[in-house]
Amino acid sequence: MSQTVIKVENLGKQYHLGQVGTGTMMHDVNRWWFKIRGKEDPYLKIGDVNDRATKGDSEYVWSLRDINFEVKQGEVLGIIGKNGAGKSTLLKILSRVTNPTVGNVKIKGRVASLLEVGTGFHPELTGRENIFLNGAILGMSKQEIRSKFDEMLDFSGVERYIDTPVKRYSSGMYVRLAFAVAAHLEPEILIVDEVLAVGDAEFQKKCLGKMKDVSGQGRTVLFVSHQLGMINYLCTRGIVLSKGSIVFEGGARESTETYLKSVYEQHNTKTNIAFSANESLPVQILSCRIMNKQNQETLNFDVFENVYLEMEYIVRQKVNSINLSWVIEKNGEFITCSFDTDNSPELLEERKPGIYKVKTFIPAPIKGGRYNISSVGVGIANVESLSVERSLFTFDVEESSYDPTYKSYSINRGGYMVSNVKWEITDFKELK
Amino acid sequence: MANENDWDLIIEPKNKWYQLDIAALWKYKDLLMLLVRRDFVAVYKQTILGPVWFFIQPIITTITFTIIFSNIANISTNDVPPLLFYLSGITLWTYFADCLNKTSNTFVANAAVFGKVYFPRLIVPLSVLVSNLIKLAIQLCLFIACWIYYLLESNTLSPNYSYLVLFPFLILIMAGLGLGFGILISSLTTKYRDFTFLVGFGVQLLMYASPIVYPLSIVPDKYKWIVLANPVSSVIETFKYIFLGEGLFNWFYLGYSFVFMVVIIIIGMLSFSRVEKSFMDTV
């Protein structure tokens with residue numbers, strides 16, 4: 001039974017909106033006046049729920065309220081939520097950058113937080129000097145940094161530039177160096193904000209591997225990311241924040257699914273969407289429909305049913321190499337995408353101004369579960385994307401028609417789409 | 001298995017009345033030294049003269065003061081060579097003023113770093129103290145060189161060598177005053193920036209209330225208390241008394257400066273620790 005290393009109790013954080021000025025001073029005076037009479041802070045009682053979109057009545061807002069959770073040693077906890085749900089505030093409080101307004105957090109063990117990579121990097125200093133400075137800021141001793149220096153250098157892959165001021169670095173090199181320091185922190189508890197979103201794919205993979213190592217060594221990790229696939233891959237547990245409160249706590253996969261459900265709730269009953277016209281775009285998608293083979297709009301499909309998409313788009317000026325696309329995702333993980341013309345040169349012909357209607361499909365078999373057409377777009381092949389519409393349809397695939405003896409189509413076999421390819425026996429020798 | 005209630009760290013809305021965690025500061029001593037190093041390396045990168053600038057500043061100021069206050073305004077320096085007189089005041093004053101100026105914007109200037117990672121915030125003002133101490137040591141060499149030159153060339157100097165032991169104590173008071181005022185102001189400026197404006201010319205005004213461009217002895221008696229109320233004055237006077245044989249040395253006034261320093265440091269620390277946890281929300 002592993003022990004609790006982080007215990008958060010009744011945590012709340014109130015922010016004051018608007019600007020600091022004379023009015024703020026009146027509140028301070030008022031607060032002080034209540035305090036010397038032994039009364040409670042009058043401004044703690046008020047405050048709206050943190051909902052960015054609606055205009056509240058109060059100047060005070062609770063960015064986090066009544067947060068309670070525990071983290072056990074060795075757990076990797078993913079924190080999920082929309083922008084402004086309070087994720088970053090929570091991480092800031094846990095990493096002691098700011099204090100809570102009410103409640104407390106109890107922590108066991110050494111904490112290091114990575115809310116940003118390369119904190120305190122000085123552009124005039126060389127890579128080598130910055131490794132030491134950044135390491136020290138993150139809480140490493142000089143001795144510790146020196147002993148890991150070669151490893152860091154190797155990890156970063158910028159050995160050649162190590163004695164050059166970092167202001168001469170490309171942004172990629174800068175991030176590599178910065179992450180190399182961060183990756184070699186050895187705290188008992190690691191707090192990571194969305195820092196992996198930077199860097200190229202190869203480097204991201206390397207960082208992910210490193211983080212997986214970190215959690216494998218019995219260390220506790222708290223991780224915030226918008227990339228739900230990453231949460232699924234790294235985390236053992238998850239919590240979902242919404243408007244400053246915890247709305248779900250459980251396994252990583254359940255958490256991401258709960259979160260997605262809440263995100264798509266606004267969309268998932270729609271089977272057709274029309275987009276407002278923007279005259280400045282040379283090409284634009286006007287509307288999009290999701291339907292079955294019989295041209296009926298629906299969001300429910302069978303494993304062996306193709307999912308049809310119909311798009312209407314307008315060409316306002318004569319453009320070459322128009323290219324339409326769709327992307328499909330599941331649990332925030334990218335599954336596949338398709339482009340209408342970007343496959344062979346003869347497809348990339350010129351299109352005259354006018355309104356076009358196209359029909360395409362996502363080929364069955366698609367395994368059971370909930371999928372999301374995360375974007376449709378139109379652009380010029382290899383040049384630019386002109387208009388992209390995100391989060392369109394959420395559709396469900398039911399495993400109703402397949403014979404369960406054939407496990408190829410079972411979600412338990414992994415993967416989301418099935419390639420029905422031929423397996424040809426090319427040689428056979430009978431045993432004597 | 002460790003006791004379930006045996007927590008290493010408890011994050012709460014406010015600090016206990018005052019907790020100065022010396023152990024935590026000590027753990028970050030490497031960071032302090034690296035910040036000092038950064039200050040030195042970064043400031044003079046891409047300059048031709050580099051550290052020579054440490055000398056140019058006091059030399060030009062001294063020459064300017066000599067021309068304006070000694071040659072034009074004819075303010076007496078009590079038989080001390082004017083150059084040496086001004087240089088001594090400037091050297092010590094610069095240390096105090098730099099410490100104050102640079103620590104007074106600790107929170108505002110470091111908001112980017114403080115907003116992303118935790119370390120004892122006091123490390124930053126302390127590193128300012130140390131890097132300015134190194135600068136002071138370099139500038140003192142300039143002073144000592146001039147001093148030896150005049151010691152050999154003229155007989156107007158009568159240093160009180162026996163009081164030389166007080167010298168580190170003088171530096172301590174100056175450092176303490178700079179730090180105390182600096183962190184006090186830095187905590188006040190996180191929410192209301194008004195004080196930033198005060199520091200700029202306040203420090204300059206304070207210089208004229210210190211015996212730097214004039215000796216204390218020529219100040220009329222009815223204004224003397226103003227100068228002596230300034231805790232920096234007796235430190236500069238004592239410094240001049242030791243090296244130049246000119247100036248006022250009085251245990252009472254020096255004691256006053258010391259007590260003043262201790263009080264301002266306590267007030268500064270108190271306000272600093274009150275602010276350091278929540279300043280990110282108001283800065």
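Which strand of chain A pairs with E1(B), and in what sense and over how many bridges? Strand E5 (residues 102–107) of chain A pairs with E1(B) in the antiparallel sense over 3 bridges, where strands count as paired if DSSP finds at least two bridges between them.

## Basis of the description

This is a predicted model, in which local features need pLDDT of at least 70 and side-chain atom pairs count only at pLDDT 80 or more, while totals for chains, interfaces and linings use all residues. Residues are numbered from 1 along each chain as its sequence is written, chains are lettered from A and ligands numbered from 1 in the order in which they are written, and side-chain values use heavy atoms, with hydrogens and water left out. Helices (H or I, at least four residues) and strands (E, at least two) are DSSP runs numbered from the N terminus.

## The interface of chains A and B

The contact, defined by heavy atoms within 4.5 Å, takes 50 residues from chain A and 38 residues from chain B. Between them the two chains bury about 3900 Å², 59% of it on carbon and sulfur atoms; buried area here is the accessible area (1.4 Å probe) that two parts lose on being put together, summed over both. In chain B, the residues that lose the most area to chain A are B:Trp7, B:Ile11 and B:Lys116, together 19% of what that side buries. Within the pairing of E5 of chain A with E1(B), A:Lys106 has B:Ile10 as its bridge partner.

The count between the chains is 1 salt bridge, a term that requires a side-chain nitrogen of Lys or Arg within 4 Å of a carboxyl oxygen of Asp or Glu. A:Glu129 and B:Arg37 meet through their side chains in a salt bridge at 2.7 Å, N to O. The elements that give two or more residues to the side of chain B that touches chain A are strand E1 (9–11), helix H2 (29–43), helix H6 (111–114) and helix H13 (279–282) of chain B, and H2(B) gives the most, with 8 residues.

## Two open sheets in chain A

One open sheet has 4 strands in the order E11-E12-E14-E17, with antiparallel pairing. Strand E11 (272–274) and strand E17 (354–362) stand at its edges, each with a single partner strand, so one side of each is left without a neighbour in the sheet. E11(A) is joined to strand E12 (residues 283–291) by 3 bridges and runs antiparallel to it, with A:Asn272 having A:Arg289 as its bridge partner.

Another open sheet has 5 strands in the order E13-E19-E18-E15-E16, and its pairing is mixed. Its edge strands are E13 (300–302) and E16 (333–339), each of which pairs on one side only. E18(A) and strand E19 (residues 384–398) pair in the antiparallel sense over 11 bridges, and the bridge partner of A:Ile380 is A:Glu384 in E19(A).

## Backbone exceptions

Most residues other than glycine have a negative phi, and most peptide bonds are trans. A:Asp66, in strand E3 (residues 60–72) of chain A, has a positive phi of about 50 degrees although it is not a glycine. The peptide bond from A:Ala364 to A:Pro365 is cis, with omega near 0 degrees, and A:Pro365 lies in the loop between E17 and strand E18 (369–380) of chain A.
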